[in-house]
Structure formats: structure tokens, C-alpha cells
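Subject: Structure handover and notes

Dear colleague,

Please read them alongside the coordinates.

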Amino acid sequence: MPAKNTTKQGNGGKLFSGMCTFIKDKCNDMKDDNMSGNETMEALNERFIKESDKLQDTEKTALNVMTLLMPVLDAFSARRDETLMVHDTKINRLQVGVRNIEYANDALDQQSRRDHIRVTGIPEVEGNEVVIDALMALARAMKVVLTGKIEDAYRTGKKTPGKNRQVIVKFENRTDRFKFLASRKELKQTQFKDVYVSEDLTPLRFKLFQLERAEGKCLDTESVLDVSDDKSVIQKEVLENENILQFKNIKILTLNVCGLVSKLKNPDFIEFMSLYDVICLTETKIDQYDDVEVNGFKLLPSVIRQNCTSKSGGICVYVKEYICNYVHVRDPFTCSSHCVLWFTIDDKLLFQKTLFGVVYIPPDGSLYSSVDMFNEIENFINESDLQVCLLGDFNAHCSNCNEYVDIDNNILDFCNVPNIEQSLVNNLHILEECGIPVVRQSQDKHKVDKYGKKLLELCRSLELFFVNGRVGNDRDIGLTTCNNSVIDYAIVSPNLFRSIVDFNVLIFDPILSDIHKPICLHLCTNLTCVVDVDLNNSNVNDNDMDNTNDSNIVITLHGESESIVKPIWARDRAPVFTENLDDTSIDELLNKLEDIDPQNTDNVTVSIMLFINEQLYTQTGSEAVQLFKGDTEAFNCYHEGFQNQVNKWPTNPVDLIIKQIKAGASTVVIGDFGCGDAKIARNVPNKVHSFDLVALNEHVTVCNIEKIPLKGSSLDIAVFCLSLMGTNLVDYLTEANRVLKKGGVLMIAEVTSRIQKTGKFIRNIEKMGFQFSSKVMSARHLK
């Protein structure tokens, strides 16, 4: 007789049912892209090994069959994803075709309106209205003599009580139409000052015109008559209810455009360009006769491939007009192969002057390819002492290979390199300080080719690093940039990682390129762009497309211009001002003022100190500079009140810091940020750099502590004693990180009411490159 199965039927059935449910759940995870096929297989095998002894033979066989089918399901899933990707590409191309047809139809529609004008503001009369009589009166007021007649005139739009509809006018003679448009400004001196004459634009053209007017450009509507030639759609990030644009990041885009002239005919491409400050385009395929200017941008001298049978290669760089003074072109023909366009951006815009190289290297095996291009790039960079940023299409497959030299610590020990200096050998410590992963990721599964090896050698020789796969939405991913390859790169000097705010590989769009994805690099800048708009003209009519001359837009880059723009009260924005008045805060201030005893000097001083203290906590460092500019008495009063308060504390935190400094070496260099009366400098033998907004004595250097006059890596200790004030304290800590030496110490003393969540505060500081050492709590202070 066969041996009986000792496993109980009931328990075996439950286990089998549980295994089936487990398999179903894992399949659902794989379906929802929460788990890969390999991860699913590993989980199933682990569970199967764990439970196999408790299952019957038939149940084991069934589970084995299901497990064997998992790779088949994974293959089906991968195939489905590939099919969906192909379909998405086809859909995108169809959508591009539809948009191009819409633009062509719009051009035809505008052509049909070439004899028309649009008149706004003619009073509408009830009953049988004779619009032509009103138009003739308009012509007489403008002193226009018509050579022909008005062929047709009619109201357009839905009739609304109390609102005059616009009038469309068609002339028999086009000369009369030009006379009307040329003389329309004369209406402002007549009884028809509220009547406006403009082109009859299609809805799309009118939208483009509104974008232009929002940009502050004084244009005539003739400039948007032909959308195929219009390159003027420029959008800035203008705040809806404010006139100040904080210009803190510079957005640099690089893209292999696969032919520029045809792309510029598409308004969507122009609109996309308007979102960026510097645009680096490769494989432009232009010659010296092509008009590729774009309004709002300055075109740097382009690299054009010479002596070729057809248009190919080429590099163009566009720079927004309001920063073009900070961008300077190096000799565009330095590389004999015409593979790079070199330019620099000043340290007035970036924190350090930077050399940019926009690169296009033709594919290996093409008529114009050569490995010598990499040698030319290396030689040019070696002759410069600037930090470097290379952008563009290198046509190089580098896969996941390291672009740095990974030196074995045993070799460094053999060479007697001290342990503290071993991390400084190949600049990897800079990436670690910035929180950048040393090992980058890449989805490029191609083998490293000849160009890839040359590019890796170039990076190792010059100590440059890939941004791809390390920063932004590409961190730990390494998204492909061209089909299934990564050949478009951003490559930078290690110190430039300190200025990188973001990095993005954008989605593929057939309107922008045939096969390449755009990549965008955001760099922080040290300028603030203030846009002041004169809205004093209360007669601005939304329908008046010729009234943009009455607006005055002034753009000033702080630190470069000394001009002062007088603020102008905007009467139409009075309700916004009223709504933002906080009655509660006003009442609280009034109550505090009533409680002040004018005879009590200390009380008055402390009250003023508390008021100024509140201002400092709610302002940036730059605004604090303006608060005390030209009024040192206010700072003296603030400091006197501050000392009165500190004297009442059981312990002054600055005394604890002084005690700790004295316990160390006297050769340690200290930076006291927000030093007040420079008590540390007056009580320790060390070299102390004391910084504050006003100099109370000879030890103090006057400056905004978000940018102090010291070179990088010059301090051993940075102290913030009750001085982390303002809304931009991150800038203060970033500056401290810049001037601290490797292994330097950051000491912070602050009231606990200011930092209630100490753990979160410490974690945020650690994200900036610091490592937490110790914490001391007293009755009222945090250090």
C-alpha cells in the first residue's frame, strides 16, 4: 500500500489557498508597477521554500506551474509596455500634425481679414442702428479722407446690457484701412478718446498679442500678422498680484533640435523657449543666410558647419535680453572641428564665473566624426582656470561606468597620504558634502562605445562629473535622452554642484525634436530682478491693443544698476491693499504703544527692541540691511534693549561659546555671524572675523551675513549666537558652509521658543552638508 500523506487536508488546503492569494497579490503589484518581475519571482520562491513542507504533492505541482508561468507574464507585460510606448509616440506625432494644421488654418483665417479692422467703444444705439454713419464721424474726427467706401460694418459678439459690442469694418479699398490704422492715435484728442481702432486678429493671434503686451513690449498689431514668421511669444513668470519677480534661479536648457528653422515656425516651440533663460540648441542645420532671431532673446554668434554638401551640425545659443550683459562669448571657432560653442557667465550673475561649452559631436562613423574633438575640448579647458559646465549631444554611450578615478585606500596608505586628506584626492568629498550620490545611475543599456570611453577619459582627466543620474528628477534613475540611450549630458566641475538647484530630463515632444529629449539645468544666482510696472493710467482698456505705450516697465538687476525707480500708487489696486490690512495686528501694535511709559527709558528701549526684533524675524537679510541703512541709532537702540533682556537671563549663551573656544587651540580661526558688539572677538586670543549690519566697534565688519567678504574654506568655526534671524536663514547657513574648512564646526545658540522642533531643525541642517555633533540644553537656550 502507498504511504499515506501525513499532512492534514484542512491545513494543507488553507496553506494552498493562502499561497494562491499571495501569488495574486504579487501579480497585482507587478501590474501596478509597484514590483518588477524579478522581485515578484524572488518573493514567490521565498514563500514557496518556507511553506513547501506543509503542502501536498498536488499542491506543490500546481504552485510550481504557476511559478513557471510568472516569467511569461513578465514578458507579456514588457511587450505591452513597448507597444504602448510605440502607440504614444504615434499619438504625439498625430497631435503635432493636428496643431500644425490648426496654425495653417489660422494663417488662412487671418489672410481673409486683411481688409478688416476692429473698432471698440462706439456707443450702441437701440433699434435700427446705422454703424457706418458712426464710422464716418470717426473718420472726420481723425481727418481721414476715404478714397473708397466702407463695404460692410456690423457688431460682433453677444449683446450685453450696458456694454458696447465691437464693430468689424470691411473696406472696399485697402488704402483706407491703412489710413484708419495710421491715424487712430488722433482719437485721443477728440470726443472719441474712448474709442479704439485695431487690427481684426484671429483668436490665436489676439492671444499672442496679449502675451506680448504682458511682456511689456510696445508693439503695433502689424507685428503679429503672419504667425509663420512670429517669433515673439515671450512669457515671464510675472506674479498676478505683485510687481516683483524674484530672479533667484537661471534656467539653462539644452536640446538637439534636429533642424532649427522649421521648429521656429511653430508657436508652441517659441512658447517653450520663453520658459528658459539660456537655450543651447545643437544640430541646428543652419547656414549664414537663415534668419533664426527670436524676440526677447540675444542670439550668440552661432557655430555653422562649413564646406558641407547639405546643411548639418551647427550650434545656437539664445540668452534672455535682461541677462545678456552677463554673458560673454569666447572665440566660437577655437575648435577647428566646430563642435563646441564657448561662452562665460559672469560672477555678477552666478556666484563664480563659469565657462560653458555647448557641444555637438557627430555620431561615430559619420562623415564629420573624429575622436580628436574630445582632445580639442580638453585642451581648451586646460587653458582656462574657470569652473566648467559642458552641455549638449556627445553621441557617447557611457552606461553606468564611473567618470572619476576610484583610488584604493591601500594605495593612499602606501603613499603615506594622511587619512584626513584621502577623501580630498579626487574631489568626491564635494559631492558628499552637497548630498549628491557618488555613484550615478543610467538606463542606457548599450555597451560603452569608442566615444563613451573618450568622454570618460576626458572627465577623469579634468575632474568633471555627470549631472545626469545624480540630481533632480533624474537622481538615482539616469533617464534616457534619445530613444533608449543616454547621449545628451550635463557635465560640470565638482564645485558647481553647490550652485545646482535642479536638473530635469523632460518628456519627449515631437514639436521640439525628432528623437531627443530636452534637459534642463537650474543654477542659483546672486541677483534679484525687480520689475516695476507703472499702472498709473486708469484709462487702460483691455480691448485697446494700441494702448500699451502708456505702460512703463523698468527692469533693474540689483547690484548692477544704481537707478532708483519711484513707486507709483496703482489706484485700481486699492481694494487689494485694503484687503491685506490685518486689523488684529494693528490693534496689537496700538495696545503695545499704549502700554509704553515715556518716563521709563528702559521700558521704551526694550519695546523698540522687541518691535525691531519682530521686523528682523520676518524679513530677509537684504531687507534688514535697508532697515538700518543710514539709521545706526536704531541699531544702537536695538542692541541696548537686547543687552537689557540678556542680562536678565540666568546664562548668556555667548559666554558658553567663549568658554568652549578658550578650551581649544588659539590658532583656530572663528567667524562670528551677527556678532553685535563682537564680544567673542574681545574675549578670546583667536583670530575672529565679526560680521553684523552695523559696526558698534572696531572689531565688526559691516555686511549682510548671507554673503560675507571671506574666501571659501577660511574658517575653522562659524558661530551663530542668537543671530539666525530672518526668513532666509538657509542662505546664512549656506554661506557658513562655503567659508568653513573641511571638518569645520558650526556652533548655533538660539532660544528654544524660536526652534521648537529641535530634531527637525538638526535634520534640515544635516541636509545642507553638516554632521550633528552635540546638543546642550539650558533653561532658556538651545546650543
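The notes below cover salt bridges, cysteines, one histidine, a surface patch and a loop serine.

This is a predicted model, in which local features need pLDDT of at least 70 and side-chain atom pairs count only at pLDDT 80 or more, while totals for chains, interfaces and linings use all residues. Residues are numbered from 1 along each chain as its sequence is written, and side-chain values use heavy atoms, with hydrogens and water left out.

Salt bridges

Across the whole structure the search finds 20 salt bridges, a salt bridge being a side-chain nitrogen of Lys or Arg within 4 Å of a carboxyl oxygen of Asp or Glu. One of them joins D200 to R113, with the closest N and O atoms 3.1 Å apart. This pair links distant parts of the chain, since D200 is in the loop between β4 (196-199) and α6 (203-214) and R113 is in the loop between α3 (57-112) and β1 (116-120), 87 residues apart; helices (H or I, at least four residues) and strands (E, at least two) are DSSP runs, numbered from the N terminus. D200 is buried at 3% relative accessibility, and R113 is buried as well, at 16%, where buried means under 20% relative accessible area, exposed over 50%, and partly exposed in between (1.4 Å probe, protein chains only). D109, R113, R118 and D200 are linked in a network of salt bridges.

A further salt bridge is found between R440 and E403, whose closest N and O atoms are 3.6 Å apart. Because R440 lies in the loop between α12 (428-433) and α13 (450-462) and E403 in the loop between β12 (387-393) and α10 (409-414), this pair ties together parts that are 37 residues apart in sequence. Both R440 and E403 are buried. The side chains of E283 and K285 also meet in a salt bridge, at 4.0 Å from N to O; here E283 is buried at 16% relative accessibility, whereas K285 is partly exposed at 32%.

Cysteines

The search of the whole structure finds zero disulfides, a disulfide being a pair of cysteine sulfur atoms within 2.5 Å. For C280, which is in no disulfide, the nearest cysteine sulfur is that of C389, 8.1 Å away. C280 is buried, with a relative accessibility of 0%, and C324 is also buried, at 15%.

H516 and its surroundings

H516 is located in the loop between β15 (500-505) and β16 (519-524) and is buried, its relative accessible area being 4%. Its side chain makes a polar contact of 3.4 Å with that of N256; a polar contact is a pair of N or O atoms within 3.5 Å, and within protein one must be able to donate a hydrogen and the other to accept it, with residues adjacent in sequence counting only if both atoms are side-chain atoms. Leaving aside residues up to four places away in sequence, H516 touches several residues, among them N256, C258, D393, C482 and F508, contact meaning heavy atoms within 4.5 Å.

Loop serine

S773 sits in the loop between α22 (758-766) and β24 (781-782) and is exposed, with a relative accessible area of 68%. The C-alpha atoms of S773 and L746 are separated by 9.4 Å, the two residues being 27 residues apart along the chain.

Surface patch

F577, L581, I586 and L590 form a nonpolar patch on the surface, with about 360 Å² of accessible area together. Patches are made of residues with over 30% relative accessible area and no salt bridge, like charges being joined within 9 Å and nonpolar side chains (Val, Leu, Ile, Met, Phe, Trp, Tyr) within 5 Å, and accessible areas come from the Shrake-Rupley method with a 1.4 Å probe, only the protein chains shown counting as cover for residues. F577 lies in helix α14 (residues 574-579) and is partly exposed, at 48% relative accessibility.

Best regards
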